[in-house]
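Subject: Structure for your review

Dear colleague,

Please find below the sequence and structure that I am handing over to you. My findings follow directly after it.

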Amino acid sequence: MNDSAGGQKQEVDKGRSRGQAVPSSHWTLMVVFVSLLVDLLGFTVILPLMPSLLEYYSKHDESGMYTSLLQKVDGFRMLIGAPDAQRFNLVLLGGLLGSLFSLLQFLVSPLVGASSDLYGRKPVLLIGMAGVAISYALWAVSHSFTLFILARIVGGVFKANISLSTAIVADVTTDNQRSKGMALIGVAFSLGFLFGPMIGAFFSILGKQEGSVASFSAFQYPALFSLTLAIIDFLFMVVTFQETLPSESRAKSLGHGIMGTIHLINPVSLFKFDAINKISSIDLGNLRLMSAAYFIYLFLFSGLEYSLTFLVHQRFHYTSMDQGKMFLFIGIAMILVQGGYLRRKPPGTEKRTAITGILVIVPGMLLVGFSHSSYMLYSGLLLYSFGAGTVVPSLTSMVSKFGEGDEKGKVMGIFRSLGALARALGPSVACGIYWNYSACVCYMTGGLLLLVPMLMLMRVNPKVVRKD
């Protein structure tokens with residue numbers, strides 16, 4: 001394995017000196033930001049509609065798929081000791097669909113990243129965006145639950161723009177600029193998850209006003225809205241996005257032989273980053289350590305995040321509107337953190353920022369778990385929002401400094417893959433603890449266990465992470 005120390009910082013300048021058409025980093029970041037925001041608005045529209053959608057399919061699914069899945073969910077509900085209530089069953093079924101999406105992302109993200117190293121970022125990105133548009137088209141005509149599941153599967157397989165966006169940011173920025181670039185992606189996420197559900201709620205209200213709650217046409221409007229955004233986003237990227245990985249800097253093959261390809265789909269190999277070849281043993285050790293910390297962090301965080309819906313409904317009797325206001329508060333707080341605090345952090349402070357973010361989340365989770373008033377709950381959510389807005393962007397920026405240009409997509413794809421697996425598994429474990437013990441035990445255990453990835457990050461050598 002070759003030592004790649006010092007190579008990433010001057011990658012853009014080297015491209016220019018060889019006469020490559022390297023796009024402006026500022027222009028590329030703005031294009032990626034706009035594209036991600038448009039994509040996430042379409043992606044998150046469905047979130048507030050999911051309970052109503054599932055309720056519709058419970059009465060209008062002739063395929064039997066809904067009944068079959070609901071029986072499995074009910075078995076899981078009894079296993080974890082959750083109460084037998086339709087609201088909770090719908091939340092658990094929605095969580096199952098979310099886990100399916102995350103598992104698909106776990107499987108395809110490394111292959112997508114490696115493909116972009118081989119064929120370039122733009123063609124792989126456009127193929128993924130076209131696939132997402134197809135998934136929305138399927139949703140728009142999914143009168144059966146089976147077709148709706150197929151739409152979600154297609155979306156999970158082709159949702160490639162998030163990991164590719166981080167690779168693109170790594171292509172066009174130096175180490176000193178990268179944290180700000182990753183923070184910009186975080187802002188796009190926060191804005192998308194803030195306004196997308198609000199648009200979905202508007203469609204829900206519109207459907208009720210038209211008296212078509214029981215009609216599938218009430219759900220076709222948001223599906224067509226998402227499809228329209230996907231088409232606009234695709235055309236926008238065709239016209240404005242310039243390839244950031246020149247042909248002479250690309251990988252020569254998807255993997256080094258059969259084993260190289262297996263390393264992209266073998267879960268154990270993914271955790272070990274066996275598919276990455278142009279990296280020193282010291283860098284590889286730090287990359288594995290950071291990614292393991294990232295996996296544990298997201299495993300715990302996603303579980304506690306998912307359990308929040310149960311907690312506020314059970315303890316504070318929050319309605320859907322109350323929960324919408326709560327997530328609006330979280331979204332605004334995250335935007336302020338990422339757009340203000342995080343983008344102003346100097347280069348080389350990513351490790352300290354991630355550790356600080358985890359330290360802040362711990363008391364936040366404890367406050368939420370033991371909250372007995374809205375004031376106490378929102379105090380915990382404020383700390384939660386600070387950590388949520390800083391940890392992942394900081395870790396993503398740190399990881400993006402590893403790997404040569406022709407393996408950057410592979411590195412970021414594997415990294416995102418591990419996060420997707422954590423999000424697929426975390427909610428199930430947290431629900432089991434929540435319903436078998438209590439919210440206090442769940443949040444206290446999860447909050448204190450967050451110290452584990454923090455301690456792991458403290459072992460990362462900052463001289464290795466900072467290649468300047």
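For the surface, a patch is made of residues with over 30% relative accessible area and no salt bridge, and nonpolar side chains are joined within 5 Å. Please note that this is a predicted model.

Nonpolar surface patch. Under that definition, Phe195, Met198, Leu328, Ile332 and Leu336 form a nonpolar patch on the surface. Together these residues have about 450 Å² of accessible area. Two helices, H9 (175-209) and H14 (320-341), each contribute at least two residues to the patch. The most comes from H14, which gives three residues, while Met198 is located in H9.

Salt bridges. The count of salt bridges comes to nine. One of them joins Arg121 to Asp171, with the closest N and O atoms 2.7 Å apart. Arg121 belongs to helix H6 (residues 121-140) and Asp171 to helix H8 (residues 161-172), so this pair ties together parts that are 50 residues apart in sequence.

Helix packing. Helix H18 (residues 439-449) packs with helix H19 (residues 451-458) at an angle of about 0 degrees, and their axes are 4 Å apart. Because angles under 35 degrees count as roughly parallel, H18 is described as roughly parallel to H19. In this contact, Gly447, Leu448 and Leu449 of H18 meet Leu451, Val452 and Pro453 of H19. The contact residues of H18 and H19 comprise five nonpolar, one polar and no charged.

With kind regards

How values were computed. Residues numbered from 1 in each chain as written. Predicted model: local features only at pLDDT ≥ 70, side-chain atom pairs only at ≥ 80, totals over all residues. Heavy atoms only, no water. Axes fitted to C-alpha atoms, helices over the stretch in contact; angles between N-to-C directions. Parallel < 35°, antiparallel > 145°, perpendicular 65-115°, else oblique. Contact = heavy atoms within 4.5 Å. Nonpolar A, V, L, I, M, F, W, Y, C, P; charged D, E, K, R; others polar. Patch = residues over 30% accessible without salt bridge, like charges linked within 9 Å, V, L, I, M, F, W, Y side chains within 5 Å. Areas by Shrake-Rupley, 256 points an atom, 1.4 Å probe, with all protein chains shown as cover. Salt bridge = Lys/Arg side-chain N within 4 Å of Asp/Glu carboxyl O.
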